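Work through the following exercises with the sequence and the model side by side. Try each task before reading its solution.

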Amino acid sequence: LDECIKQMNKNPDDVKVREKMADEAEINGNFPIAIVEFRKCVKMSDNGMSRFRLGRVLYKQGKIVESFEELRTAINKEWLKEER
């Protein structure tokens, strides 16, 4: 996947690039792709907002238990002041 992203002249190691791809997938209703990308975002930047966004899309995909676990974890993670 990283090689495909490089072919699009984007940096696969940039969390903003991955967040944008995840957002686009979520907006288009492609929740499995959004889950993959948000999981990558959590690995790159494990904070409250990343966990929240992953939990939200897991819920939309019908993965209620996994969603609850991510949202519970998000509460205890670091949050930027403007994200609170």
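**Exercise 1.** Find which helices are included in what covers the buried residues of helix 3.

*Solution.* Begin with the helix itself, remembering that helices here are DSSP runs of H or I with at least four residues, numbered from the N terminus. The model is predicted, so local features need pLDDT of at least 70 and side-chain atom pairs count only at pLDDT 80 or more, while totals for chains, interfaces and linings use all residues. Residues are numbered from 1 along each chain as its sequence is written, and side-chain values use heavy atoms, with hydrogens and water left out.

Next, list the residues of helix 3 that are buried (under 20% relative accessible area, where exposed is over 50% and partly exposed lies in between, with a 1.4 Å probe and protein chains only): they are Phe31, Ala34, Ile35, Glu37, Phe38, Cys41 and Val42. Finally, look at what covers these residues, which includes helix 2 and helix 4.

**Exercise 2.** Describe how arginine 53 and aspartate 23 meet, and where each of them lies.

*Solution.* Their side chains meet in a salt bridge at 2.3 Å, N to O, the term standing for a side-chain nitrogen of Lys or Arg within 4 Å of a carboxyl oxygen of Asp or Glu. Arginine 53 is in helix 4 and aspartate 23 in helix 2, 30 residues apart, and the pair therefore links distant parts of the chain. Arginine 53 is buried, because its relative accessible area is 13%, whereas aspartate 23, at 24%, counts as partly exposed.

**Exercise 3.** Which parts does the salt bridge between glutamate 26 and lysine 60 tie together?

*Solution.* The side chains of glutamate 26 and lysine 60 meet at 2.6 Å, N to O. Glutamate 26 lies in helix 2 and lysine 60 in helix 4, so the pair ties together parts that are 34 residues apart in sequence. As for accessibility, glutamate 26 counts as buried at 9%, while lysine 60 is partly exposed at 41%.

Definitions and conventions: Helices (H or I, at least four residues) and strands (E, at least two) are DSSP runs, numbered from the N terminus. Contact means heavy atoms within 4.5 Å.
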